[in-house]
Amino acid sequence: MNSEEHIIAPVESAAADEDIIIVRDLNKWFGQFHVLKSLNLNVKKGERIVICGPSGSGKSTFIRCINHLEAHQRGEIIVDGVVLNEDLKNIEAIRREVGMVFQHFNLFPHLSVLENCLLAPIWVRKTPRKEAIEIAMEYLERVKIPEQAHKYPGQLSGGQQQRVAIARSLCMKPKIMLFDEPTSALDPEMIKEVLDVMIELAGSGMTMLCVTHEMGFAKTVADRVIFMDGGECVEEGPPQSFFNNPQQPRTREFLDQILQH
Amino acid sequence: MAVHQPLPDLPPPPSERGLWGWFRQNLFSTWYNSIASLVVGYLLIIWLGPVINWALISAVWTGEGTDDCRPGAACWIFIQQRLGFFLYGFYPAELRWRPNIVFVLFLITVVPQFFPRAPGRKWLALFGITGLPVLGFVLINGGFFGLDPVATSRWGGLMLTLILAYVGIIAALPIGVVLALGRRSEMPVIRGICVTFIEFWRAVPLITILFMASVMLPLFLPQGVSFDKLLRALIGITLFQSAYMAEVVRGGLQAIPKGQYEAAQALGFGYWRSMRLIILPQALKIVIPGIANTVISLFKDTTLVLIIGLFDLLGAVRSTLSDPAWRSVAAEGYLFVALCFWIFCFGMSRYSHNLEKKLDTGHKT
Ligand SMILES: Nc1ncnc2c1ncn2[C@@H]1O[C@H](COP(=O)(O)OP(=O)(O)OP(=O)(O)O)[C@@H](O)[C@H]1O
Ligand SMILES: [Mg+2]
């Protein structure tokens, strides 16, 4: 896939000094299987991080730990000043501040696009319905599909659905957005429309963690690129040096493979 | 190279319309289809003809007793003469206005449910599952506000059938949903309780449960405490069917992709809210046919109360047939019962189809 054509001028970094995500010595097991091995990561407010790596390297598991869709067994995760542990109150508090976009959109098929965007603000944030509608329409406009507001997800294309999913997360006014391969279930001609929305979002100063193989996107918006393999962070650095001058042989091998096509 | 011109949109070709068009397309499209249609049509006429003649054309509709009946013709005098008993059982004739009011309220809440655009439909439904049972009990049972009490042993006929079915249905569905959620719970104690409950009730025939409720339960109750027979039957039927309902609902819950739960969690929904707003609406929609099935079978299973001495519609007709005066009209009696059941069950079936269509929100992703 030719991801190079998505490149536009690099988005200005908005990173502040404050750490909004702190991950220390994160370890996770699935049964006997050690998926995440002693990961460390500090993310500053407004920073944009791209995580890449081969299939099965634990990228999804890692970002799912950050909103506790997966529980970790050792180490510490602090999001927006709140320590993630088994306390349900903490978990729900953090999930309100952390939006997540999935590979397979996961829109609610029984609700219209607008209602998808209203549900969480109304029931979780307790926003009055009228205000919630205004916010929802604003974000649907931002992802460029206000005219689909009354359709059902099943009537939209994949790219449109993913944009609705992004709008749905944004309606909660999150401080952090997590993306788990948001474009890898899409046909090539729809990838751009989703990436454009993400680039625009990056420009607005949102803190973003993206698992993606869109290297053009990484070069455009990332402040840092992290390469994971076998549950470890093998290499990390700003996109310039990461792509042009990777230090680890494993990284070079991976980049050769995905940039070949 | 010529520039590509897009083709204009054309209207779809007209399909064959009208009754004749339908006949041609479906019954006489090929020569063998035509032969099959003619043969089936012929058989229908020679078999159905006499039945229609017996039941309608030469049937006897009015008269005093079996003496007015003719051989080879249906004798509907039987139904006409005993209708009060078939509808109300031994409920005192002068008090029948009370169940009548309840029935009218029942129609007022149920009929609009078939019309999506009926005003206040949701409020009526809410009344139907909360206010109506209470009001119905007050009116039919009496004993409040100066209404003469009528013992449940005197309730009967179609009225009893409808009470058993209605209360059974509106109680079995929520209990079934709770059991299904419990069976999928991550807490072992809750899961264990629900599994045991479901597996117990599902593995015992309803008829046994009813016998146990009427014969065994009194043995275990302390002396002097009596437990209304109708209430026992009602609890037995409800719990029995809620076990089935639980498994139907569980099927729906299992069909919901994991991504839906995760999306709900990621947006900050807690367990109960995500179930109520996101998971259950989808799961229940998927299993509407299964729910309709369970509800219809519950409706028909109410006839089993006849073995513990309650006179539901079937029981009332049967007990009349044991009267020597009416012994010759069994066929008419059973046909009447079948027709009553068919009307209600077919109504439920249509309703579930309507609901399925209304809730369809486009193809799945
Ligand atoms: N619920 C689970 N139970 C057991 N093993 C799991 C579970 N989820 C993931 N794994 C395993 O953990 C490893 C990491 O999975 P993960 O989904 O995080 O990889 P990934 O880097 O996101 O890969 P991909 O690029 O294919 O999405 C894989 O080997 C996977 O088989
Ligand atoms: Mg993944």
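I'll start with one residue in chain B: Arg183(B) has a relative accessibility of 17%, so it counts as buried. Salt bridges with shared partners put Arg183(B) in one network with Glu199(B), Arg202(B), Glu247(B) and Arg250(B). Before going on, please keep in mind that this is a predicted model.

Arg183(B) and Glu247(B) meet through their side chains in a salt bridge, at 2.9 Å from N to O. Arg183(B) belongs to helix H7, residues 157-183 of chain B, and Glu247(B) to helix H10, residues 229-255, so the bridge ties together parts that are 64 residues apart in sequence.

I'll show two from chain A.

Are the two partners buried or exposed? Arg125(A) is partly exposed at 29% relative accessible area, whereas Glu97(A), at 19% relative accessibility, counts as buried. The limit is under 20%, so Glu97(A) with its 19% falls on the buried side.

The next pair is Glu236(A) and Arg224(A), whose side chains form a salt bridge with an N to O distance of 2.8 Å. This one also links distant parts of the chain, with Arg224(A) in strand S9 (residues 224-229) and Glu236(A) in strand S10 (residues 232-237), 12 residues apart. As for accessibility, Arg224(A) is buried with a relative accessible area of 16%, and Glu236(A) counts as partly exposed at 37%.

Now from charge pairs to like charges. Which residues make up the patch of negative charge on the surface? They are Glu131(A), Glu134(A), Glu138(A) and Glu141(A). Patch members must have over 30% relative accessible area and no salt bridge. For Glu138(A), the relative accessibility is 44%, so this residue counts as partly exposed. Glu138(A) is placed in helix H4, which covers residues 129-142 of chain A.

For contrast, a residue from the interior. Ile77(A) is part of strand S4, residues 74-79 of chain A. Its relative accessibility is 0%, so Ile77(A) counts as buried. Between Ile77(A) and Cys65(A) there are 8.3 Å in space, C-alpha to C-alpha, for a separation of 12 residues in sequence.

Last, chain A as a whole. Chain A contains 9 helices and 10 strands. Its radius of gyration is 18 Å, close to the 18 Å from the globule rule for 261 residues, so chain A is as compact as a globular protein of that length. The C-alpha trace of chain A spans about 55 × 45 × 35 Å along its principal axes. Of the 261 residues in chain A, 56% are buried.

That is what I have for today.

How values were computed. Residues numbered from 1 in each chain as written. Chains lettered and ligands numbered in written order. Predicted model: local features only at pLDDT ≥ 70, side-chain atom pairs only at ≥ 80, totals over all residues. Heavy atoms only, no water. Patch = residues over 30% accessible without salt bridge, like charges linked within 9 Å, V, L, I, M, F, W, Y side chains within 5 Å. Areas by Shrake-Rupley, 256 points an atom, 1.4 Å probe, with all protein chains shown as cover. Salt bridge = Lys/Arg side-chain N within 4 Å of Asp/Glu carboxyl O. Lys, Arg positive; Asp, Glu negative; His and termini not counted. Charge placed at Lys NZ, Arg CZ, Asp CG, Glu CD. Helix = DSSP H or I, 4+ residues; strand = E, 2+ residues; numbered from the N terminus. Buried < 20%, exposed > 50% of the residue type's maximum accessible area, 1.4 Å probe, protein only. Rg over C-alpha atoms; globule rule 2.2 N^0.38 Å.
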